[in-house]
Amino acid sequence: MAETVLSIEHVAVHFGGLVAISDMNFHVNKGEIVSLIGPNGAGKTTAFNVMTGFLTPAKGAVNYCGADLKGKKPHEIADLGLIRTFQRTSVFPNDTVYDNVLIGLHRQGELKGKLGLAEAILGLPRARASEKAQRARAAELVRWIGLEARANDLAGSLSYGEQRLVGVALALAAQPKMLLLDEPVSGMNASETHTFVQLIRNIRDRGVTILLVEHDMPMVMSVSDRIVVLNYGRIIAEGPPDEIRKNPAVIEAYLGQGAKDVVKEVAVHA
Amino acid sequence: MKQIVTLLCLAFFASVPMWLTDPYLLNALITTGIFIIGAMSLNLLLGFTGQLSLGHIAFFGIGAYVSALTSLGFDVPIYGDFHIVHVPWPPIAGFLLAIVISGFCGYLVGRLSFSVRGAYFVIVTISFAEVVRLVALNWVELTQGPLALTNIPSITIGLPGLGYLVLKTKFHNYYLVLAVAAISYFLISRLVHSHYGRAMRGLMENETLAVAVGIDVTKTLTLAAVISAGIAGAAGSLYAHYIRIIDPDVFAFISTVTMVIMVVSGGKGSLAGPVVGGVIFGLLPVFLRPIMPPEAQWITYGVVLIVILFVMPRGIVPSLAAKLGLARAGGTRRASVAVSERTAEEHA
Amino acid sequence: MIRTIKAASATALAIAFLSSAATAQTIKIGVNEPLTGAFAASGTYVVNGAKIAADEINAKGGLLGKKIELVIEDNKSNPTEAAAVAEKLITRDKVPVMLGAWGSSLTLAVMPKLVEYETAMVVETSSAGKITTSGNPYVFRISPPSFVEAAAFKNIVDKLALKKVDFLVINNDWGRGTAEDFSKMMKEKGITIGLVETMDQSAQDMSAQLAKIKATDSETVIITAAVDQLTLIFKQAAALGLKKRIITTGGSQNPDQIIAQAGAAANDTMHLTTFLPWMPEKTPNPEATTYFINEWKKRGFDFAGCTESFRGYDGIRTIAAAIEKAGKAEPAAIKDALWKIDVKGLNGDIIFKKSGPTGQESGQSFPNVYLVEISGGKIVMKDL
Amino acid sequence: MDQLLQHLVNMLVLGGTYALLGIGLTLIFGIMNVVNFTHGILYTFGAYMMFIVVHQLGLNFFLALPVAIVAGWLLGALIEITLLRPLRGADIDTTMLVMIGAWIAMQSGALWIWGGVAKSIDNPFPDAPLVIGPVSVSWLRLFVLFAAALLIVLAYSLINLTKLGKAMRATFQDSDTAALMGVNVSLIYTSTFAIGSSLAAAAGALLGPVYVVFPQMGDLAAVKAFAIVILGGLGNITGAVIGGFILALAEELGAGYVSSGYRDAMGFLIIIMVLIFKPTGLFARAERVG
């Protein structure tokens, strides 16, 4: 059996009287690409918020690499290598693309030992070397995601699709062991999506486990090793794309909100 | 390019006492310079972390009182016969202690108040400054309250082998203030261009995202608060040893307002902003004084402030930079980033 | 509005030009007062009093054959500005002597500049003891510090049969100094000191303090505050039904205003004051007092301002006398001459006595202190 | 015990006016997200209007009150249209600084026009206080408390019962959505600022006769108003009313039983405590996270 990186155990979240998630259980194995899908309001983003410490669940636990994440702050979870991107605000809009990545790299700037701050301010050799390394790494990442030409443009001025890429670069800069992507291809056209799928595979091949939330079914079907389907805060199906595609409960869940299209598209990709 | 401009400005400021013989103007420049140091420290919080502190004068005032009390000595009854007695130390020790203690106060305020944001943070900082002012006013045994601390000695620097230099004249004080200002500018510049500064900027622009990539909010903001408060404390110490009398009025709200005006009109988040805004709003009253009655001077001051913000809502330096086609402050310097061979010090 | 500003600044410019052209013919006196900010009202009163003195002197032919010219600058109620104004008056306008700077912290901020430029300043209002005890030989004060008031009051505490006294004082050097000096004097007299309550300079609601004082067993309250706050205190004390003997100190109070605004509540209150504008015949210099009060009314100023503005009037007359005695308008000569003058001021003879550490004494004049009582809506003198 | 009773009565009288100051500011702060430094000057303005109408025009005291309130409304609308409307969408710091500029200019304008000498305003109420057992209170203060309560109820009804109020609340929730749904947001902002300003002017007009009138009288009042708004939670009218009474209680008891020197510190200490332990104010609804 493969090594489990992330496991969600009996997690429940309430907002007042509203049940956002009830008793959610699933896990992600090392090196997997897993998709979390479901109709709007199914609790996908809420699940991400619980996994990354932005929300405290009413019940249940999140385990990451063997550690219980209970009570950990978002930045502490990020320090463990569990990094997420966001649906809407995925970039630092008033900074250049290059600076966005540099901000993401900030943890690499932290020098060992107590004098880090003084070294940085006085520009001592160790700090200078580290700064130089960060800049080189940032340039490399910008190149790698293919935004070299826009490196000096403000991230806020980029197209929506390009901003998603910057968001991913930012997340990669933080050296993730596992990446949570929240609707990464929304706003991208077909060719951009295609490139992005390659990018995700590339990232996985570098040893990063990936969990994504996505509405773009063809993309989900083509990229995922496994799919977890959520509806009304509970998991209704789980399995490889082929199984999910045929699962009647899933088709049922999507009825009423363009389910026919989904079914059709799923069929086309089959 | 940018470094050259900075150095030229520094050289210009250094040359001022050589050709400016009017002691009144020199005095105005010294007090303005002290407030510019305060404004630069405020800019670190407001411009680089996005936290508006309207109680910044508290750190300035604490620095002034710490420095004055260190160099004057005190004898404070604490309980019954138990007194804390302090014999006077050299003023330079007061200056250093002012930085340390103000910085420590910055740490406390930071830890306590960064749980709130926006308007709430503004009010917490105002409240903090008012409480400190009221303590200075009412703890008469220590601060002499409204009776003021007087005869504060000038700062003395020990020169190896040459004895002591008492920085008493305006000429001396000008260079003292200029030196502290230049060091503060350098420190802030290095800080905001290091990864610490990038963490601050990230938090300012998109706190949720910053946290998600592992930036520690409390640690980063507290670091900014400590350094900011320490520099403000240094400015307060310079003030105490230059004016040589302080009373609880050093905590006046209008002084914080003066600093905020310097920062925002000059351009928050721009290193040169507080200097430009400070020179304008520090010297404006000096030029208005001879040409209009006192009330009209204040009215003009307010109107000039409004007009500057209407014409240049982002502040003078960023707006001018944009007009001159220099893109936004900071953008130009990274013009050829993709060629990542640029070294760290070029970006300082 | 904008036109008014333009017109005003044009006039100001014109005046500035005229005055620089006229430099040679006039003797300049610097006036460093708060004209904006928290103390604007008081500073403006003092300046108006000073102008009356300057006009009077000039109408009589001026000094040493020259007219005197007041160079008036606003210190914005701010110590930093007060020091800057002193710098400007001395180095730019080349004034050989100054009047200022109303509040104690303003005066204290100016004092290092006096030493730096060896120029004397006549202090007209500030009451902090430190001003004349810290060894600044360029300071000459005509207002009484609180220990002088306390000493004058000492003579009649027996007659008033005080037993236990509460204090309600403004929380600044003036109020704190008064509480300290009066308490010390009263303790020597065997009087018990009860509460010492303070109020912020800008406070308008003193009900809380008054309610606390109302509940004590002392029979007298000593109150130190400026006239507006006093009026509020009387109204609020009346509203709370506070029935204790009230004695006010400090000399800035104006019983007329208190009678007018506090009505019956003011009856039987007593006031320690340094000037008697409502009974000029009882002042040490009735002729000058009458002239000053008439001139003050003629200029359309508020009568309530007399108790503040006479200090500006006396201050300029003090300076003028020193210049006359010095025979020349030079800083050192004027400073020496200030020690030798004897001016009949509106509140007593202005003669400077040495105060502070030997060798660098400051000058302190000892004005008269009067106790008046409001009785049946009228002001009555009490003998000290 | 008698002293405590008196303090409690004082608290009621003082708290009513604090509440009035607070609700005007909480509307502006909450709905427009403007740190309104002109609130204090509007308070001063209301008091001077009262002075002008009663003493210079010689009109009736009770007639002067509505005049001052309307004048405050007009001045508020003018400030919003000339200074804030062109800056819509600017940073909160920028609008705050423009308000600071307006505050400095207008306060100095008041000093220029009316001088620094404090004025007092006559009132038609008897000098002798109302005495009930050990407690006494002046008739004027009672009238002020009553008038303040009436104005608070009026403001509350305006916000909760009228169409304008509904639009204001919608704008407070989400100005973009409100605009999409056909709310004229510009008009709402102007109305909000004008209403807030008229409440400040009303507070000044009511307290002018109680205290004295001078150009800086609004500064301390404004600081207290900010404190009340934060205690009650931004945009929360009920919170502001309760906050006003809490502040008054803290000041009374602080001065009465701790030290009068720290009287004004009480309010600030409460704010610091509240915000440390309950960062959204005492009465703000808990926000949904995420």
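Domain bounds come from an automatic or database domain assignment. This is a predicted model: local features need pLDDT of at least 70, side-chain atom pairs count only at pLDDT 80 or more, and totals for chains, interfaces and linings use all residues. Residues are numbered from 1 along each chain as its sequence is written, while chains are lettered from A and ligands numbered from 1 in the order in which they are written.

**View 1. The two domains of chain A.** Domain 1 of chain A covers 4-91 + 171-269, and domain 2 covers 96-157. Their C-alpha centres lie 29 Å apart. Six residues of domain 1 of chain A are in contact (C-beta atoms, placed from the backbone, within 7 Å) with nine residues of domain 2 of chain A.

**View 2. The contact between chains A and B.** Chain A gives 38 residues and chain B gives 32 residues. Helix 6 of chain A supplies the largest share of the chain A side, seven residues. Helices (H or I, at least four residues) are DSSP runs, as are strands (E, at least two), numbered from the N terminus.

**View 3. A:D23 in strand 2 of chain A.** Strand 2 spans residues 18-29. A:D23 is not a glycine, yet has a positive phi of about 45°. A:D23 is partly exposed, with 14 other C-beta atoms within 10 Å. A residue is buried at 20 or more such neighbours, exposed at 12 or fewer, and partly exposed in between.

**View 4. The cis peptide bond of chain C.** This bond joins C:G100 and C:A101, with omega about -10°. C:A101 sits in the loop between strand 3 (97-100) and helix 4 (104-117) of chain C.

Definitions and conventions. Contact = placed C-beta atoms within 7 Å.
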